[in-house]
Amino acid sequence: MSEESIVSIRNANIFQSNNLVLSNVNLEFQRGEFAYLIGKTGSGKSSLLKMLYGDVELSEGEGKVCGFSLNKLRVKDVPFLRRKLGIVFQDFQLLTDRSVNSNLFFVLKATGWKEKKKMSERVSQVLDKVGLSTKGFKMPHELSGGEQQRVVIARALLNDPDLILADEPTGNLDPETSEGIMRLLLEISQNQKAVLMATHNYSLIEKFPGRIIRCENGKLLDSKVMAESYQS
């Protein structure tokens, strides 16, 4: 694993409920990289993401994410790994009975922040980053779908993670809003973060071309690796 690698997976077999989902997985992911993760439903995309954030055990092969060995990952280490990650879900998973600010404060408290002034400053910073600096006092139901997804991205950025895992982040959004979310994620990757985005939205991929990692027939096919092999 090179110093710049945020993710390094070698010869991994990924299981879900004792079923082999992906075999002989090899993946290197660097700072500042953006990649799409594509594949049919049931092809292993979610299992791969879950392995990366410690929800699925890596029992065969080697893996390292944000400096944590997935092979030696203990249950008590998972929260520390997840502080290095930002996870963006399709269905937002915001607390509906709390304001935007309260949603973000909740995450900071849960990840060990204690000084209220610093917490307020960090909440303001991430909301400004996603273009919602005036929306902190709104309730989630008062926001559009695109605004709610921006809150979710702000939440993912709170602990200044090295890696953003976005699972179908535009799945419930209209095309114009989806493009806005896409530009935001690309901008985040350009600030020395790594962004891996699972998607079925091929029109977005056409509009914003990039590295494609495909789950297909139990294998992981990587356009970057293919391009390198063609050049060598």
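How many bridges join β4 to strand β5 (residues 68–69), and in which sense do the two strands run? Two bridges hold the pair together, and the strands run antiparallel. Before going further, note that this is a predicted model, in which local features need pLDDT of at least 70, side-chain atom pairs count only at pLDDT 80 or more, and totals for chains, interfaces and linings use all residues. Residues are numbered from 1 along each chain as its sequence is written, and side-chain values use heavy atoms, with hydrogens and water left out.

**Strands and hairpins**

Helices (H or I, at least four residues) and strands (E, at least two) are DSSP runs, numbered from the N terminus. Two strands pair if DSSP finds at least two bridges between them.

Ile9 sits opposite Leu27 in β2. This hairpin also has two residues between its strands, with Ser17 in the turn at a positive phi of about 50°. β1 pairs with strand β4 (residues 60–65) as well, in the antiparallel sense over five bridges, and in β4 the partner of Ser8 is Lys64.

**Nonpolar cores**

A nonpolar core here is a set of buried Ala, Val, Leu, Ile, Met, Phe, Trp, Tyr and Cys residues joined through side-chain atoms within 4.5 Å. Buried means under 20% relative accessible area, exposed over 50%, and partly exposed in between (1.4 Å probe, protein chains only).

The largest core has 38 residues, and Tyr36, Ile153, Ile164, Leu185, Ile188 and Met197 touch the most other members. Among the elements that give two or more residues to this core are β3 (34–38), α3 (100–110), α5 (145–157) and α6 (175–189). With six residues, α5 gives the most. Take Ile153: leaving aside neighbours within four places in sequence, Ile153 is in contact (heavy atoms within 4.5 Å) with Val88, Val130, Ile181, Leu184, Leu185 and Ile188. There is also a second, separate core of 33 residues, including Val25, Phe29, Leu52 and Leu81.

**Salt bridges**

Side chains of opposite charge can pair when their charged atoms come close. A salt bridge is counted when a side-chain nitrogen of Lys or Arg is within 4 Å of a carboxyl oxygen of Asp or Glu. The whole structure has 14 of them, and here are some:

| Pair | N to O distance |
|---|---|
| Lys118 and Glu115 | 3.8 Å |
| Lys193 and Asp160 | 2.5 Å |
| Glu179 and Lys207 | 3.1 Å |

The Glu179–Lys207 pair links distant parts of the chain, with Glu179 in helix α6 and Lys207 in helix α7, 28 residues apart. Glu179 is buried at 19% relative accessible area, whereas Lys207 is partly exposed at 48%.

Lys193 is buried, at 12% relative accessible area, while Asp160 is partly exposed at 48%.

For Lys118 and Glu115, Lys118 is partly exposed at 46% relative accessibility, and Glu115 is partly exposed too, at 48%. Finally, Glu33, Arg211 and Asp222 are linked in a network of salt bridges.
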